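Biologist: Hello! I am new to this structure and would like a friendly tour. Could you show it to me?

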Amino acid sequence: MCGIIAGISEEDIAPLLIEGLMRVEYRGYDSAGIATVHDGELEVRKAVGRIDGLERTQRASTLAGNTGVGHTRWATHGGVTKANAHPHTSCGNKVAVVHNGIIENYLELREELKQKGHVFTSETDTEVIPHLVEEALKRKKDPLKATLNAVKKLKGQYAIVVMFKDYPEVLTGARNDAPLVVGVGKKEMFLASDVLAFIARTDQAVFLDNMEAVSVTAGGYKVYRFDGSEVSKKPTQLAWELSDLSKQDYAHYTLKEIHEQPETVVRAALQDPRRLENFVRILKGATSVVLTASGSSYHAALLLKDRLSREAKIRCDAVLAGEFEDQAHFVERGTVVVAFSQSGETADLLRAVKVGKDRGASVISIVNAAGSSLARESDEVLTLNCGPEVGVAATKSFTAQVMVGNVVADAVVGENATGDAKKVGRLIAETLRSEDSVRQVAKEFKERPDFYFIARGHNYPIALEGALKLKELSYLHAEGMPASELKHGTLALIEKGTPVVVIAPSGEGFSATISNALELDARGAEVIGISDKVHPVFKHRIAIPRSNEKVAPILEAVPLQLLAYFIATERKNDPDYPRNLAKSVTVR
Ligand code: AGP
């Protein structure tokens, strides 16, 4: 889940690469590097850590040259070292490569190349690629042919860009199960794993499909299948704008994105009526329904599952994307797979979708990135309309997913049970006014090693979401569970001072949840209530406005996002770039 940016421009390319890497740094931030070709030389600058460190220690943006490649790394093969940072080059420094993904057969390729005298300087899987291209170039004397020859030997997932010392006017790229996009500029071209990398330079993009390669020069691009046959592909207009990417006056993207939710939840409700009608038609026509996703998106899928089963009496299952292949026994023609994703590039989910389609199922998806692989693999797509999300922790995308789920459920049952989206936006704005009380709770509990989140029924997925947010941002242990499960084991972990977040909106399940809270209180737990109602068992209460049960999960999620954010900042963690994580998990 690395970030790639490459380009050819009439301007010096290095500053554009650094700027682009900054925008895709959420894809991985273990190390970074760029390389350019100028005056017949190929020069590399790389460093461990964040891109601003690369700039500070290597002054990378001062590299000369109009052609260059850049990379920000999320380590999979080989430790976090300068030698393992990308770009990787071939023996004669003739070829430089940046790569996102995993080359599964790299060990045998490495041995073969060593037999031919190639010398390796890193532990990475990636480094076999520049040596393979260099080997092919000796025979083919053509950058594209050499690239195609090399990729045919690769097994695994990859998006790669290749730069050539002896052919500075061209860059080649190829993708298989990892995203690669062409940015079509005026007298400049870009290749990147994510449109955000070049959105400041152009809003025209060409999305490559699997097993496609590309050759770009400053004046244009050509797309090919791996057999060398040409594919005609027109650029699409990007919906996102550069202004979407500013932090405004917020300290972090995560806090900015939490505060965008009064507007983004309203935009999420504005779905194209024809697409929604088609989405619901496919759903209603299903012989069986499986909702699938990973992480926060899975929690949003659980909420739609609950409404479809409870209100529309549609029997449906929710399966974690990474487990889908092992549980897909009943997926067949007539099954509808409903996929949720912010990025639309989560490898586990794309695999689940492929397995589903291979078994004859239809795929409909709810996604933020309209041009993503998931959107292009789906029979119908509803988009979140919440703009790019930079903070690694899903916040506005999660509440937008829940809202789109509500719009779908309302359309299936033929009644606007959620109510006016603008009112939901106002209720979120009201919820955000509890920010100070959340900050106080964070200050008090920032050093507690274990947190538990409990809820009942329709609110249970929010207990899961609250725990995930806290783990991601604070690095503390947290567990979300149904309140009813406490007595079956977890209660043994509760002792004096253990913080337990009790999600208890008024309505069905309130009194049963309060009983569970009283059991916890009896064992000395510090009960933190998320509720529109006051109750003495709440040592601390974070108020949310009263709402119906379709909207309550959205309002409950907001203070849990803030709690995770404030505990993270109290603990001096960077909430936007949490350790060991990345925004889009493009490896399985
Ligand atoms: C959530 O905060 C995390 N970033 C992560 O769990 C995420 O939800 C998961 O990786 C799924 O990503 P997607 O929505 O882009 O598919």
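Modeller: Let us begin with a term: a cavity is a set of grid points where a 1.4 Å probe fits but cannot get out. Please keep in mind that this is a predicted model.

Biologist: Thanks! How many cavities of 30 Å³ or more are there, and what is the volume of the largest?

Modeller: Rolling a probe the size of a water molecule over the atoms shows where empty space is left. The count of cavities of 30 Å³ or more comes to three. For the largest cavity, the volume is about 60 Å³.

Biologist: Which class gives the most polar, nonpolar or charged residues to the lining of the largest cavity?

Modeller: The residues around the largest cavity include C2, R73, W74, H77, H86 and D125. Sorted by class, two of the lining residues are nonpolar and two are charged, while six are polar. The class you asked for is therefore polar, as Gly counts there too.

Biologist: And the second largest cavity: which helix gives the most to its lining?

Modeller: That cavity holds about 40 Å³ of space. Its lining is made of A300, L303, L304, R307, V402, G405, N406, H458 and K550, which divide into four nonpolar, three polar and two charged residues. Two helices, α9 and α13 (396-413), each supply at least two residues of this lining. With four residues, the one that gives the most is α9.

Biologist: Let us turn to the ligand. Which elements each supply at least two residues of the shell around it?

Modeller: There are 15 residues around the ligand, and S297, S341, S343, T346 and E472 come nearest. By class, the shell has five nonpolar, eight polar and two charged residues. The elements that each supply at least two shell residues are α9 (295-310) and α16 (460-474).

Biologist: How much of the ligand does the protein bury?

Modeller: Start with the polar atoms around the ligand's oxygen atoms. A ligand oxygen is 3.0 Å from a polar backbone atom of S296, and one is 2.7 Å from a polar backbone atom of Q342. In the side chain of S297, an N or O atom is 2.5 Å from an oxygen atom of the ligand. Taken alone the ligand exposes 410 Å², and the share of this that the protein buries is 91%.

Biologist: What about pockets: which elements give two or more residues to the lining of the largest one?

Modeller: About 690 Å³ of space lies in the largest pocket. Its lining has 39 residues, with V195, F207, A369, A370 and G371 nearest the centre; the classes are 15 nonpolar, 12 polar and 12 charged. The elements that give two or more residues to this lining are β11 (204-207), β15 (236-237) and α12 (373-377).

Biologist: Zooming out, what is the radius of gyration of the protein, and why is the protein called as compact as a globular protein of that length?

Modeller: The secondary structure comes to 18 helices and 25 strands. Along the principal axes, the C-alpha atoms fill a box of roughly 75 × 50 × 40 Å. For 588 residues the globule rule gives 25 Å, and the protein comes close to that, so it is as compact as a globular protein of that length, with a radius of gyration of 25 Å.

Methods: Residues numbered from 1 in each chain as written. Predicted model: local features only at pLDDT ≥ 70, side-chain atom pairs only at ≥ 80, totals over all residues. Heavy atoms only, no water. Near = heavy atom within 4 Å. Polar contact = N/O pair within 3.5 Å; in protein donor to acceptor, adjacent residues only side chain to side chain. Areas by Shrake-Rupley, 256 points an atom, 1.4 Å probe, with all protein chains shown as cover. 1 Å grid on protein atoms, 1.4 Å probe; cavity = no way out; pocket = protein on both sides within 12 Å on 5 of 7 lines; lining within 4 Å. Points joined across faces, edges and corners; volume = space filled by probe spheres on them. Rg over C-alpha atoms; globule rule 2.2 N^0.38 Å.
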